[in-house]
Each structure stands twice: as C-alpha cells, then as structure tokens.
Amino acid sequence: MTLAPIEVVRREAVVPVPAYDPDARTPVGVWLKANLFRSVGQSLLTLAVAAVLLRILWFVLDWGVFNAVFYTTDPDVCRAATGACWAVVVEKHRPMLFGLYPYDEHWRLVLMMAIYLATVVLSLWPRCWNLRFLVPLWTGAVLSIGILMFGGVFGLPYVPTSEWGGLPLTMLLFTGTVLIGMPVAVLLALGRRAPLPVARGVSVVFIESLRGVPLITILFVAVNVFPLFLPAGVEVNKLLRITVGIAIFFACYQAEVIRGGLQAIPRGQYEAATSLSLTYWQTTRRIILPQALRISLPAITNHIIAAMKNTSFVIIIGLFDILTATTAVMQDPLWRRFYIEAYLFVAAVYLFFGYALSRYARQVEKWIASGRI
Amino acid sequence: MTDATPGRLGKPPTRRPKDLLYSESFRTALYQVALAAGVVLLGLYLYQNVVENLGRQNIATGFGFLDEVSQFEIGERLIDYSSRDSYGRALLVGLMNTLSVSAAGIVVATVIGFAVGIMRVSTNWLLQRIALTYVEIVRNIPVILQVIFWAAVIRNLPAPRQALDLWGLGFLSNRGLTFLLPAAHPAHVWMLAAFAAGIAAASVAARMARRHREATGRYVDMLWPCIGLILGPPVLVWLGFGAPHELSFPERQGFNFTGGATISPEFVALMAGIALYSSGFIAEIVRAGIQATPRGQVEAARSIALRPRFILRYVVLPQALRVIVPPLTSQYVSLIKNSSIAVVIGYPDLVNIGNTVMNQTGQAVEAIAVMMTVFLAISLVTSLAMNFYNRLVAIKER
C-alpha cells in the first residue's frame, strides 16, 4: 500500500498584508463596516439606536432651543412657551451665583473669581513652578481675595462669612479642601507606612474610621460637636470648621491612594537613599514622595474631582454654596416651575469644572510620561 | 501587611550613655512614646473640655436618652412605631429605612451599571459612545444635586388624578410610584420557602455533578436541571394552592390610590439619585473587569472548541470577577453612605432621624456617635461579606 504524499505547502499565492502604518487613515467605508454595520443584527441595532437617538436629540433641541425662552423678566411669557425657560437662569443668576452676599457688593465677588481663576491657572502652568513666583502670587491672591470677601477696609463694607455664598463659596471650599487636605493626606500615608508601630496604628485607626462614615456625619461633628471640644470662650469660625472637616475626610481617601503609590516604590530606592546616609525626611522628600505622587496621580485627580463635587454636601448644614443658593431661589413661586432649567445650569457648572480638571490631569500625565516634570 | 521602611543599620559597637541618644532603636521608642502620649493627652484634654462645656450648658450625657419618649412621628416605617415610642426605636426605624433604600439602590445600580459597562465594550461604536456619555454625565454631577433634582421632578409630577399611567402596571404621580402586586395570599410564604429549598437542592445537585465529573471525567450538563430544581418547587406549590392569580391593581380614588403597593416620593428620588450616580462608577468597574481577560485566552478557548457558555463560565467570568469584586465592594459601601443624603429631601433615614433626635435632646455627641458607629458597622459588615466572596473568586494558587 502506498501512501499519498501529504501536501504541506500551500499552492495558492499568499495575499500580501500591507505593512503597518500608524498614520494611515482607515477608509470611511471600512470603519463604518467594522464599527456600525458588522452584521445584519448589528446593522439593525445601529439603525434602531440611531432612530431613538435622533428622536431624543430632536426633542432636546425642540425643547431646549427652538421653543425655549432665553430672555424675559415675565414668568408668564415662559409659562406660555412650550420649551425651556432659560430666562430663569438669566433672571436669577445673581442669587444663584452669589447667594446671600449683599446685592450691591456682588462686583467684589466677580473680581474675586477673576483673581482666583487667574491665580489657579497660573499655578497650574509648569513654567510658573518656582517659589520665587508662586509665593508672591499666592500671597497677593490670598490678601486681595480676603480683602474683597471680608471688606471692612478701604471703604468696603464688612461682610461676615455667614453671608458668603454661591460659586465663590464653592471655589473657596474646594480650594481649602485641597490645600489643607493634601498635606494631611501625605502625612497620614507616611504614617501608615512608618517604621513606628504607634504611628502606624494611629494612622490606620484614623483613616479607616473616617472612611467608614458618611461625610454628613463629619459635617455634623464640625458644626455641632467641635465647639464642645474647645475651652470656654474660644470660638472657631463655622466656615473654617466645615472646610477643615471636608478636608480631613478628603485626606483619608487621598492617603490611601498615596499609600498605593508608596507601595509601588521598589525597596532599592530606600536602600540606595540609606546608603547615601540620607535621613528619613530627606529620603521621603527628595526620593520617595516625588515618585509616589507621580505614580498615583490619576487616582489623586479622581479624588480631587470628587472633592469638588463633595463641596455640595454643605447644603445639609445650611451653607449657601451654588447648589443651596439655587435650591433657595427655586422656592420663588413665580419661577419654581422652571426648576429643571436651573438645576441643569448648576449641573453644567460642575460638569465644566470637572471636565477642566480631568483634562488638566491628563495633560500632567503626558508631561510626566515625556519627562518634562 | 505593610512593608516597613528599612531602618538605619545596626547599633554602635560600644555603648556609652551618650550613644543612647544616637541609637536608632532608642530614638524610635522615644518618638513612639511621645506620639502615644500626645494622642492620649489630646484626647483627655478634649474630653475634659466636652464635660465642662456640657456641664455649663446643662446638657445630660450618656445614652439614657435612647429610652425617652420621642414625641415625633415618622411617615415611613417598616416596623411599628408611634410618637409614644422611644428615641432608640425611632433610630431603629431610621436604620431600617437606610438599609431598605440602600438595598434597592444597590440592586438598581448593579443592573444599570453592568448593562452600561457591557455597552462600553460593545463592538458597536454607537452603543459605546452612548454608554460613555451616560457614564461621564452621571459620574460628574454631584450626587446631592441628582437627588435634589429627582425629588423636584417627582414633586412636580401630576397629582394622582392625572398620574402618569405606566402601561397599566402602575402609576407615577407626586405621591410616588404605585404599582400592581399579586393580592396577598398564604401561598406566597410557602412559595418563598419552596424557592429557598430549590436553591439548596440545586447547589447540592451541582456539587454532586462536579464530584461525578472529577471522579469519572464525564461531564453532566446541569444547567437545565438546576433551573428546574430552583423554579419547579415554587411553581408546584403555587399550583398546589390552586394557582391563585388575583392581582391587586392600584386605582385612583379621590386624592390618592387604593390597592397595589406604593413607594414614597422621597424613597424613589433618593434611590434614583444614589443608584444612578453609582451606576456610572460600576459601569467603569465592569468595563475594566471585562477588558482584564486577554483576547488571546478567549481565542484559545474557542480553538479548543469550548462551547461559548463555557468560555464565559470558565475563562472570562472568573478573571473578570477577580478584577470587579474589590472595587465593587467600595462602590456598594459608598452607595450606602450616600443614602444619608436623605436628610436633604426629608426621607426618614438613620441620619435624618438622628438629626431630629440631636436637635430635640441637644445630645449631639451621643447622637452623632450612634450614627457613626452604625455606619462603621455597616461598612465593616459589607466589606467582610464581599471579602469572603472575593476569597471564593480570587486566584487559587496551588
């Protein structure tokens, strides 16, 4: 019996695969086929989803643009329209954005926000990252913002913190949270990894117990319990107490993130630093922290954005941030039925700042990857 | 647990009193004693201040107030309660409400989160984009704003007379969500028991099938037998009771509804807010989990002719769950903590009632301590339960 030779070599010509070219652009037809019309089922799904989407888009445009009232001082005009009433935002923008702050002094808040935004934007720019520039910048900013907000000098009427409100208050709460919270977070993270068992224990108990309770209870402590801790006659400003409360809550979450970064540092880094006889603090400041913070940056950003959203919790203890102010404005019987427009505006403000923060963080990650910082 | 920082090297060879100051171990001990003393002294100082301040303001201390009569009503409750009951019982009512809204929220958030998370990895570009937009929007709007928004929406819904009809299944009005329910019947308890027994029987059967496979190498497909074992007994019980199929339909009557079941507007708003907010985070967790299984593994499974169901069951899911479970746990815990937003819209949860108790008795320290302890306990129990589950799905290194 003879065996037929088995063919191991193919006869037909091999179709050449085009060399991989990262810059090549996929033809539109190919892209559509791959991503939207892969099969009959997929095509039907795409068409159905697109139809629903167009329907919703049409509704949103119809309600939000074509039939909307953008400007009027008369709520009846809005009532008569079938679309959105953006006029409520125009009409009520001052109480929504500035809260209880005296009406005639609102220009001070506008100026304050301009100084604040300019300072923050400049500080986020790597070219400005040296102390000789930042220290005067922040000193000037804090002084001028303090003078503008409090007043009482240069003929500006005094405004107590209980009357602060709106978007400036949200900004101050957020900035205070991050500026106070980040150093505390670093200390807690270092404490949790410290060679001293007592420091470890204190940090662990502190971090875990605060992470286990809602922010609201911490705000209750700041408002109702903290005054009891102080000796008679000593008082701490309510706004400051609340800011510190949110900051410490933020720090406990951030500490866990930074601890993750610390754990990612190879042992050799510590050993090398020790062999150069650097002290603990020299090692931490010059070798460990710069690396740990770079590693954990994406998660740090997430918590910073969360901190911005969390400032809205102050509605519970009656601080007039932008959300509380808007909710209060919506008690107005003439305009209350246009609450959806007002809340959409507030949501847009939060979305804008959140988006800006996450874009900046992505840029920083790119700078880190390219070795620029 | 943690890797301590490597310490400085050894002790000096000879010991003189002066060397003690430079000794690493002595300094370490000194720092620790100082830190511990500092913490204890601070605690004592604060305690003393609290006692003094409370004494001056004539506020009682201790937890005796828990037995006092509360004198306030609670609109929504799962257990009997009246204004003649104690503060302790009021707090218990609040705790039950916290747990029920959280449980409902977890279910809704998980279902939406998994659906959106799977859409995020869909090969269909349109679905992917829609899911991404959804996630970005619900994650980046503060949860409080979402809860307040839904509360306002429900408050502005039409009254029961003009309630929105949900395809004959229920109504949505400013009185909340009303929906139909099977009319109460003694069979239901027995059906529930039969269902539990079915689950037990199915798990025993599945284990026997696995033993059989491990002993003989022969695979017994238990999917349909198990489904039958779980669903069969309740259906049999139902038939045994003569198949009671009366439904209690909600009907408009005057200014309210009769029949069916009603969920209060506050419950719906709070649950919608916290569940939608969490669903965005859960979707991202699920996406990361699905993407954690390398493509090559699925392709390899396919090339050894594993059935699609088994690819999912034995290749993709075990690896995905490993990535999903730990962050999912912290999402659940944070959802439970977010339920405390109830205080903003007036849902009587633990924090809301605790707040009332605090304002009535003035015993802020104790009331807040009760809230914090309860939430710590809930967080701890959730973490423990999920860790137990996590250990089941974690990599078993043999």
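Tutor: Two strands pair if DSSP finds at least two bridges between them. Keep that in mind as we go. The model is predicted.

Start with one bridge. B:S173 has B:G176 as its bridge partner, in strand 3 of chain B. Now widen the view to the two strands involved. Strand 2 of chain B covers residues 170-173, and strand 3 of chain B covers residues 176-179. They are joined by 4 bridges and run antiparallel.

Next, the whole sheet. It is open and has 4 strands of chain B, in the order 1-2-3-8. The pairing is antiparallel. Look at the two ends of that order. Strand 1 (164-165) and strand 8 (261-263) of chain B are the edge strands. Each has a single partner strand, so one side of each has no neighbour in the sheet.

A helix packs on this sheet. Helix 8 of chain B, residues 265-291, touches strand 3 and strand 8 of chain B. The direction of helix 8 of chain B makes about 105 degrees with that of strand 3 of chain B.

Now place the sheet in its chain. Chain B has two domains: domain 1 is 87-183 + 246-393, and domain 2 is 188-236. The C-alpha centres of domain 1 of chain B and domain 2 of chain B are 30 Å apart.

Step out to the neighbouring chain. The contact between the chains takes 47 residues from chain B and 50 residues from chain A. On the chain B side, the elements that give two or more residues include helix 4 (125-140), helix 5 (143-155) and helix 13 (364-393) of chain B. Helix 2 of chain B gives the most, with 12 residues. By class, this side of chain B has 31 nonpolar, 13 polar and 3 charged residues.

Finally, chain A. Here domain 1 is 87-101 + 159-369, and domain 2 is 102-158. The C-alpha centres of these domains of chain A lie 20 Å apart. Their contact takes 11 residues from domain 1 of chain A and 15 residues from domain 2 of chain A. On the domain 1 side, helix 4 (87-98), helix 7 (166-192) and helix 15 (339-369) of chain A each give two or more residues. The largest share, 3 residues, comes from helix 7 of chain A. That side of domain 1 of chain A has 9 nonpolar, no polar and 2 charged residues.

How values were computed
Residues numbered from 1 in each chain as written. Chains lettered and ligands numbered in written order. Predicted model: local features only at pLDDT ≥ 70, side-chain atom pairs only at ≥ 80, totals over all residues. Domains from an automatic or database assignment. Contact = placed C-beta atoms within 7 Å. Nonpolar A, V, L, I, M, F, W, Y, C, P; charged D, E, K, R; others polar. Axes fitted to C-alpha atoms, helices over the stretch in contact; angles between N-to-C directions.
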